[in-house]
Amino acid sequence: MRKIKSVIFIAVFLVVGVAWGQTITSLYSSHGIGEVSEVGLQQNFSMGNIGYGTPSLFGINLQNPSMLFYNPLSSFSVGLMGDFRTYDGQGISDNSNAVSLRYLAMAFPVVESRWATAFSLLPYSSVNYNSYSIDSLSNGVAAINQYQGNGGLSSLSWSNSIRLYKSLAIGIKSSFVFGTIEKDSRVQLAGEDIESTYVISYTEDATYKDIIFSLSISNKFKLANKSYLNVGAVYNLSGELNGELATGYERYSGSTLLQEVSFTTESAAFNLPRSIGAGLSYQIVNKLLIGADLDIKQWPESSESENANYNNAMSLSLGGELIPDIQSVSSYFKRARYRAGINYKELPYLVENTQINDFGINFGVALPVSGYSSIETAFKYGWRGTTDNGLTRESYFQVVLGATINDRWFIKRKYD
C-alpha cells in the first residue's frame, strides 16, 4: 500500500508540473486581477461550492479553516480541472479548452481534537483572454483594436483551526499572494489608401507580492443520535495587493519599428473587497449532508478597471451529499459519496452598465480507496453574461479530477 501511495504522489507532482500556469479562458478576466478562483476543494466544488458551515470528516476544509479539526487524520489532496467554454455574442461564436491546477493541499492534527493546521497552494486569480473590435474611421480607414492578457496570481496559505470549547472553534488563515499579469492593447490602422499597416502597441506588466488574512468561526449542535446542525462564518479582511507596474509602448509601420519606449516601473496597488460569508448544514454522520452558504463582498470605490466599475456582489450556494451505506460489504458503490449542488454568483463589476451574473449546476462522486482515502470527480455546467448591450455570453463545462489520501503520518509505529 505504501508503494501505491508513493506512485500516486510522484504521478501527482508530474501532472501538476505540466498543468501549472494554464488558466481558464474568459473574456471577463480582462478586468482587474482577473477571474478570482473559488477557495474550496473538490468536495465543495461538487456541492455548489458550499463550505462555510460544512465540516468534512475525511477532507480538507479551506473555505472555513476553523473546521479543519473535524478530520482526525492527516490528509493530502490534489486536483486538476478541465474547462471547456463557448462564447456567443454579436457576430461572435468561438470556444476554448484549458487544463489547470485546481488545488494542492495538506492538513494534519497538531494536537488531536484540539488544533489542526493546513498548507495549500491554489490559484488566486487567472487572466487569459484575446478579443478584438473594429471601428470605421473616415476615408475608408478602419481601426482594428486587439486586447490580449495572460498570467494570474497564486495563493500559498497557512490555515489553523483551534477548538476552544466542545465544538466551538476559531480559524486563522494567512495567504501569500504572488504572480504576474500581462496585458497588451494594439491599435492597427488599415485601409485601401494606406500603403503599410500602422500599429501602436501598449503593454502593462503588473507583479504582485503581498499577504492577506482571514478569520473564521464554527460550531455544531447535536439534534439527535448522529445528527447535527453545523454553522460557520468567515471574515476576509479588506486590504491592498501591493506590487509594481511596468508600462511601455511601440509604434510600427508594417514590420518596421518606428519608436520604442522603454518600460517605466512604478508602484501599484489593487484594492481587495471586505468579504463576509456564512453557512449552515444539517448532517447525519456518514449518511446525509444538506447545506447552504451566503457570501457578500463589499468593494472599495477605488477599485476600477478599464471600462468596468467594481460593485458590491453576493453569491448563494446550495448543495448536499448522500452515502447510501458506508458499511456495505456487498456493494462498492453504496460506500461512495454522491454530491450535487447549485451556485448563483454576481460578478463584482458592471460592464457597459450591465450586471454580469454566473449560474452553475454541480455534481460529483467520491469513490473510496484504501481505507479512508478516495478518488474524486466533480462536474459543473454553467453560464455567465448576456448578449445584451453588445456583450458576450459564456457557457462552460468544468471537470475536476482529484485524489485525497488520509492516513496517520506522524505516529511512530510499533509494528509494520
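Biologist: How does Phe-359 count by relative accessibility?

Modeller: Phe-359 counts as partly exposed, because its relative accessibility is 26%. In these terms, buried is under 20% relative accessible area, exposed is over 50%, and partly exposed lies in between, with a 1.4 Å probe and protein chains only. This is a predicted model, where local features need pLDDT of at least 70 and side-chain atom pairs pLDDT 80 or more, while totals for chains, interfaces and linings use all residues. Residues are numbered from 1 along each chain as its sequence is written, and side-chain values use heavy atoms, without hydrogens and water.

Biologist: How many aromatic pairs does the structure hold?

Modeller: A pair of aromatic rings is described by the distance of the centres and the angle of the planes. The structure holds 10 such pairs (Phe, Tyr or Trp rings, the six-membered one for Trp, with centres within 6.5 Å; planes under 30 degrees apart are stacked, over 60 edge-to-face, the rest tilted). One of them joins Phe-359 to Trp-383, a tilted pair at 5.4 Å centre to centre and 50° between the planes. It links distant parts of the chain, 24 residues apart: Phe-359 belongs to strand E18 (residues 354-369) and Trp-383 to strand E19 (residues 373-385). Strands are DSSP runs of E with at least two residues, numbered from the N terminus.

Biologist: Which element gives the largest share of the lining of the largest pocket?

Modeller: E4 does, with 6 residues. The lining has 34 residues in total, and Leu-27, Ser-30, Ser-131, Tyr-132 and Tyr-147 lie nearest the centre. Strands E3 (92-111), E4 (115-136), E6 (168-190) and E7 (198-224) each give two or more. A pocket is an open set of points on a 1 Å grid over the protein atoms alone, where a 1.4 Å probe fits, with protein on both sides within 12 Å along at least five of seven lines; lining residues have an atom within 4 Å of a point. The space in this pocket is about 1,100 Å³, the volume being that filled by probe spheres set on the points, which are joined across faces, edges and corners.

Key
Helices (H or I, at least four residues) and strands (E, at least two) are DSSP runs, numbered from the N terminus.
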